[in-house]
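Work through these exercises with the model open beside you. Try each task before reading its solution.

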Amino acid sequence: MTQREVNGVNGLHQDGLESNHIHINGSINGSANGNTNGTTNGNGVKSEVRKRMDRKKSSPMMPTFMVSAPGKVIVCGEHAVVHGKAAIAASISLRSYLLVTTLSKSKRTVTLTFPDIDFNHTWNIDELPWSTFSHPSKKKYYYDLVTELDPDLVAAIQPLVRDVSLGKPAEIRKVHQNSAGSFLYMFLNLGSQSFPGCQYTLRSTIPIGAGLGSSATIAVCMSAALLLQLRTLSGPHPDQPPEEARLQVERINRWAFVYEMFIHGNPSGVDNTVSTQGKAVMFQRKDYSKPPSVRPLWDFPELPLLLVDTRTAKSTAAEVEKVRKLKEAHPKLVGSILDAVDKVTTSALELIERDDFNTKSEESLRGVGELMNINHGLLVSLGVSHPRLERVRELVDHEGIGWTKLTGAGGGGCSITLLRPGVSRQKLDKLERQLEEEGYQKFETTLGCDGVGVLWPAVLRNGMDQDEEGGMEIDLENFLRAEGNEGVERLVGVHGDNGAREGWKFWGVES
Ligand SMILES: Nc1ncnc2c1ncn2[C@@H]1O[C@H](COP(=O)(O)OP(=O)(O)OP(=O)(O)O)[C@@H](O)[C@H]1O
Ligand SMILES: C[C@@](O)(CCO)CC(=O)[O-]
């Protein structure tokens with residue numbers, strides 16, 4: 001461990017979010033800390049010291065808090081990135097929100113509540129296999145870089161995963177077991193038996209399995225939540241130096257990758273990286289035993305994109321496996337295709353970074369658009385497109401509306417179309433009507449949004465009466481009751497009608 005890391009952890013008890021914990025806990029939950037003022041009894045130094053010592057014994061309950069992370073689109077380079085090539089990804093305004101509720105001390109349970117996939121499960125903390133995970137040969141720390149799952153640890157949680165969602169259809173059970181497994185693996189690695197009982201409730205505005213990185217957002221939220229509960233993160237706070245903020249974000253990303261490994265088997269890490277950091281990144285992982293190379297693209301242009309969901313679910317793990325098998329069968333040929341994708345990605349970056357690149361200019365956009373079309377063609381040759389994705393291309397190409405490629409793992413999921421400047425409203429309306437008739441869903445989204453954010457405590461000003469008392473408390477009940485994506489956005493959304501909402505805080509990694 002470096003000196004920086006030691007300071008990062010210890011330092012947080014002095015400043016940043018952590019000092020807020022105590023203060024906020026005292027003022028909102030009140031009861032946990034009791035009267036910390038010490039000026040009212042006037043009984044002298046001894047009683048004051050005793051009082052402080054007494055107080056120290058009670059570890060205050062954390063307030064309910066929330067974390068949020070954005071989905072993403074891959075502009076170029078999906079699949080090739082799994083094989084060590086470069087990819088460009090940008091975060092989008094669709095997000096996942098995780099509410100973390102600490103239970104009273106007597107409750108020794110941990111619960112996952114994922115209503116979007118109809119999953120709810122509770123484990124007794126004292127019955128989890130802590131001894132296996134804390135064995136010196138296995139123990140991992142919050143600052144470790146974990147690049148592969150430990151088969152013994154995976155085996156140790158199998159009995160707990162097996163019991164999940166008994167009685168549900170096999171397909172659904174598999175998804176639930178995956179969620180349970182990835183959570184338990186991270187919880188047992190990072191936590192300890194003294195962890196407080198808690199409930200993790202997740203809602204997302206990102207379509208599931210659509211190539212928009214839904215799983216990565218959950219991974220990022222879970223990682224951030226657990227690291228915050230462990231008090232191993234300082235910030236986010238406004239005065240935090242960027243390099244400290246980057247260290248925090250890096251830690252969240254490392255553990256989010258572990259969670260993704262459990263869900264996907266062999267992720268590149270691009271999805272969790274862009275979701276943690278936000279904005280856009282050029283990402284490459286040449287050596288899986290080392291951290292990836294990540295180049296933030298803070299000035300990523302606001303490309304005019306149309307995002308279309310085929311509403312055909314796919315599994316990223318299955319699509320990645322398809323490409324791996326094809327590469328195994330035709331190593332040279334597939335190797336050349338992956339090299340070509342890499343060339344597409346580096347060429348796209350060169351174009352976007354040119355001083356004269358202009359999102360209103362047909363010439364600028366055509367350059368990037370043609371590369372996107374080539375990228376799609378290469379993905380088709382890797383076998384990861386789908387007739388529904390080809391249909392979007394057909395409709396867009398027929399009207400000359402722009403340049404289309406699949407985004408994410410393919411096999412269904414979403415496509416992105418870079419819109420040609422000056423396309424008439426009439427043509428766009430016609431396309432949108434047609435897409436709707438054929439069961440597609442169009443998404444309005446902004447590229448290059450904030451990364452992982454924290455709402456501590458889970459209280460927001462929402463222009464209603466409660467604002468006078470500091471805001472509205474987000475609790476389990478109102479979070480679960482919020483209707484649909486709009487309800488979730490209205491209740492807890494990172495962005496309100498007038499930009500970023502007061503309360504949500506982000507690590508200031510940009511510089
Ligand atoms: N809202 C959600 N609630 C609970 N679990 C979710 C939610 N969204 C995604 N997941 C988890 O993520 C899995 C989907 O991950 P998958 O990687 O296949 O799709 P994706 O992340 O949307 O797409 P891609 O990886 O191509 O960007 C689900 O099976 C589930 O385990
Ligand atoms: C298909 C893939 O390249 C992108 C999924 O969003 C998989 C990965 O990078 O982990």
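**Exercise 1: ligand 2**

A polar side-chain atom of Ser268 lies 2.6 Å from an oxygen atom of ligand 2. This is a predicted model, in which local features need pLDDT of at least 70, side-chain atom pairs count only at pLDDT 80 or more, and totals for chains, interfaces and linings use all residues; side-chain values use heavy atoms, with hydrogens and water left out. Residues are numbered from 1 along each chain as its sequence is written, while chains are lettered from A and ligands numbered from 1 in the order in which they are written.

Solution. 

Step 1. Collect polar contacts (pairs of N or O atoms within 3.5 Å; within protein, one must be able to donate a hydrogen and the other to accept it, and residues adjacent in sequence count only if both atoms are side-chain atoms). The side chain of Lys72 places an N or O atom 2.8 Å from an oxygen atom of ligand 2. His79 uses a backbone N or O atom, 2.9 Å from an oxygen atom of ligand 2.

Step 2. Check the cover. Of the 300 Å² of accessible area (Shrake-Rupley method, 1.4 Å probe; for residues, only the protein chains shown count as cover) that ligand 2 has on its own, the protein covers 98%.

Step 3. List the neighbours. A residue is near if one of its heavy atoms lies within 4 Å. There are 13 residues around ligand 2, and Lys72, His79, Val81, Ser268 and Asp271 come nearest.

Step 4. Domain 2 (65-294 + 454-506) and domain 3 (303-443) both give residues to the shell, so ligand 2 lies between them. The domain bounds come from an automatic or database domain assignment.

**Exercise 2: ligand 1**

Task: which residues come nearest to ligand 1, and which element gives the largest share of its shell?

Solution. 

Step 1. Ligand 1 has 23 residues around it; Lys72, Gly213, Ser214, His264 and Thr316 come nearest.

Step 2. Look at the contacts with its oxygen atoms. A polar side-chain atom of Thr316 lies 2.8 Å from one oxygen atom of ligand 1. For Asp271, a polar side-chain atom lies 3.4 Å from an oxygen atom of ligand 1. Ala210 contributes a backbone N or O atom, at 3.4 Å from an oxygen atom of ligand 1.

Step 3. Find the elements, which are DSSP runs numbered from the N terminus (helices: H or I, at least four residues; strands: E, at least two). Helix 6 (170-190), strand 5 (198-204) and helix 7 (214-229) give two or more residues to the shell around ligand 1. Helix 7 gives the largest share, 3 residues.

Step 4. Finish with the domains. Ligand 1 lies between domain 2 and domain 3, because both give residues to its shell.

**Exercise 3: backbone geometry**

Task: where does His79 lie, and what is its phi?

Solution. 

Step 1. Most residues other than glycine have a negative phi, and most peptide bonds are trans.

Step 2. His79 is not a glycine, yet has a positive phi of about 65 degrees. His79 lies in the loop between strand 1 and strand 2 (87-102).

Step 3. Turn to the peptide bond from Trp456 to Pro457. This bond is cis, with omega near -5 degrees. Pro457 is in the loop between strand 12 (453-455) and strand 13 (459-460).
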